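Thanks, everyone. Let me put the model up, and then I'll walk through it briefly.

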Amino acid sequence: MATVAVEVVYRGIFQKTLARNIVRSIVFAARKEGKIGTAFGRYGDSPERNGIPAKQFAIVADDAEELEENLARYEASEVDVTINVDDTMCKGIESWAWYGLQPINELTKPGGTLIVTSRQEADDLVQDMHQKDSPYDLSIIRSTVSFSGLWVYKDDHTDVRILGNLCRVCPQLVSLDSMLEAIREQFDNETKVASARRAYDLANVRPVEPGEGNPETPFKFELPGWKEMEEGLVIKAIDEGTGFRGGEEGYQPVRNSVFKKFSTRSMRPIVNFETCIKCTLCWLQCPDTCFDVTPDGLYDANMESCCGCGVCEAVCPVPDCVTMINEQHFDDNSSQYEAWQADADGYKQWMTNLIDVQKQESRTHGFHHVGGYAEEIAESAQPGGDN
Amino acid sequence: MTTTAQPALFQSGTEELISGSEAIAIACALADVDVITAYPIRPYDTVMQYVAKLKADGAFDCDFIVAESEHSQFEIVKHASAVGARTFCGSSGVGWFYAFEAITVTAGLRMPVVAMVGNRALDDPGAFGVEHNDAMAVRDLGWMLYWVATAQEALDAALLAYRVAEDPSVFLPMALSCDGSFLTHSQAIVNVPAAQQVQQYLPPYDRGRLQLHPDNPITVAPQVNEDWLMEIRRQADEAMRRSVGVIKEAYAELNEVFPSSSFQDQPSPFIEEYETEDADIVIVGMGTLALPVRVAIRRLREQGRKIGFLRVKFFRPFATEEIREALSRCKAVCVVDRDYSFGSPSYGGVLFNDLRSALYPLESRPHILNFIAGLGGREVHVNDVNEMVDITQKAVDTGKIDQETTWIGVRE
Ligand code: SF4
Ligand code: SF4
């Protein structure tokens, strides 16, 4: 067997324990088969920030020399399986360590598998994911986002469901029996063993063809050489006057290209410019200084900077004036203020619709209606994907 | 200082999936360390987190003091060591520097404190990646300095450290340097010896007549001037010289007591040689650099290139004789520094200049080239190693060195 590498892409802190359980279990299971392995986090993500994308890896090899080829690295160069435990990251991930935007499938080998926990349909997820020029498989595990993290550990079996699914889609890694044995030893819980076995049985894949998916070129930072880089650790601000078209046109949202940060969020705020009382609280409290002041004194959240923390929603004193919406509903980072200026009625309709949808959904803030839990459990027991 | 009951968790040997930092924390539990002080800074903080966990789990009974700064952190262990407590602490990057006054005094007073340095670039910028300059800063002060390459070695070296540092003929502090990320944040399979084996290996720390205790009235560290100081320095110098023999003995015994130690196939405690026997070019480096270098050497050997690697484990004491002996056979030496020393001879790194000075008395000296690589935690890849080997090979072929120090992997 050659070396097999698996990465887990997760939301920092909130899903840290989940990711850790997955990569450690892989190494333990491989150990049962006399193989050797390592588990490590991508150091650039550390110390993890709440909700900011992070990665952990498990690498398994037949012997120490083979494993050595993959050590002393931040990331594996390619992986047999990518596991994404929050489907909003299908749009790409951005570590706080200024790595730029990485497509979720960037490290997935040709012919490899991307496992995603999601309630979305495969076609919708494929649309979010950047195109690759080699084929791979998408395997969906029906689930809401699992927050089995550092502070709160929600033992919803997502870890073992993923491990069961993994043994099916990547049989060269370890056998199901070894995995079940490792799960039994670590968690001492037969229900978790049963969950893993069930996930193995339910696993299916949807092939993703070369060229399928989002055609955009992912955002990258320019990395200057030492001769061109400014000395003394200085970064120039954007030119004075930039950000204003001048005169009547006035306002134009803009951000320093080296300080952009946007794909880290799982939700984003939308603003009702008609009910805003211009109290400035969102502008004052936003930790990323996202709010641009418009010529008429309104506040437009700049989506090239927003990390999705939700502080603006929490501090806004006007009901439903700032509402956090699941990131999956947006395709770009364009200015809400400009959209509202161009077509106030259209904007209002779009916004009201999104707020309605959000109220039906159960992202991060728990279940939105009585019985939501029972529905999700039933759904989790179904095979994932379209086929 | 009362000795506590042996931790129940480690009654029998186990196999654990742990990082280098966690391995050191477990070594502290096995060594039954009395006083551990902590102050968080990445990547060292992974040790204090695991010590706290072991203590919370009831697996380790020690006084665990989270100080308000690194300076206090190191002051506390220094004092605890004076009263006869076995101590552990550590830091990284500028945190280590913030404690520097206490760090110099610890060696000056001959306190056998064991510290872990999670190697980290110095600020600014606040980068977390590995550079060796932080630990290197104590190289002249009487601290023994050991560079670790694997998680298993981290555990083994920590046990060795207590045995050597606390030997009454040494009584010097020892720092275990662990590359940030590659050791501190990477989990590997580690064999943990049984607590009983460790007890057998590690006698209790006995400070004897130097112990600060009501039953042994003494004054520690009176003010002295030029009429005393030179003798004090000479004593520390002699202790460092004596440590060489103590290290050899302690190392041999460690290998007897722990059959699963990483040292089993390494005859020397000071250096590790890999394929050096017939090598034309020997690469020299420290820490986890060993991993990509060994991979590169295996591939180069497949092409018939005679390349070897010498890993310096103890930087202090520096194994002058052994290193001379090992490098006298080759045509060229390629020293890789994960550190810098701006304005130094040849604008080279710290390891390079020490090594070159060690080889100077040799009758026939190999060419010595220096490469600065992997700063700030930048990965050193197999092709970087190949590049260094090729530049060195050119010096061998032409008989002359175009450039003594070359930066590898830097964007021009
Ligand atoms: S969610 Fe609101 S407060 Fe948080 S970063 Fe985005 S705009 Fe700022
Ligand atoms: S907090 Fe709400 S009301 Fe106040 S300025 Fe911001 S959007 Fe307007």
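First, a term: exposed means over 50% relative accessible area, buried under 20%, and partly exposed in between, with a 1.4 Å probe and protein chains only. This is a predicted model: local features need pLDDT of at least 70, side-chain atom pairs count only at pLDDT 80 or more, and totals for chains, interfaces and linings use all residues. Residues are numbered from 1 along each chain as its sequence is written, and side-chain values use heavy atoms, without hydrogens or water.

Start with Gly111(A). Relative accessibility is 54%, so Gly111(A) counts as exposed. Gly111(A) sits in strand 5, residues 108–118; strands are DSSP runs of E, at least two residues, numbered from the N terminus. Beyond four places in sequence, Gly111(A) is in contact with Pro135(A) and Tyr136(A), contact meaning heavy atoms within 4.5 Å.

Now the domains. Chain A has domain 1, 4–208, and domain 2, 244–257 + 267–359; the bounds come from an automatic or database domain assignment. Their centres, over C-alpha atoms, are 34 Å apart. Four residues of domain 1 are in contact with 4 of domain 2.

What area is buried between domain 1 and domain 2? About 380 Å², with 47% from carbon and sulfur atoms. That is accessible area, 1.4 Å probe, lost on putting the two parts together, summed over both. In domain 1, Thr88(A), Lys91(A) and Gln120(A) lose the most, together 80% of what that side buries.

The count between the domains is 1 salt bridge: a side-chain nitrogen of Lys or Arg within 4 Å of a carboxyl oxygen of Asp or Glu. Lys91(A) pairs with Glu327(A) in a salt bridge, closest N and O atoms 3.7 Å apart.

Conventions. Chains lettered and ligands numbered in written order. Helix = DSSP H or I, 4+ residues; strand = E, 2+ residues; numbered from the N terminus.
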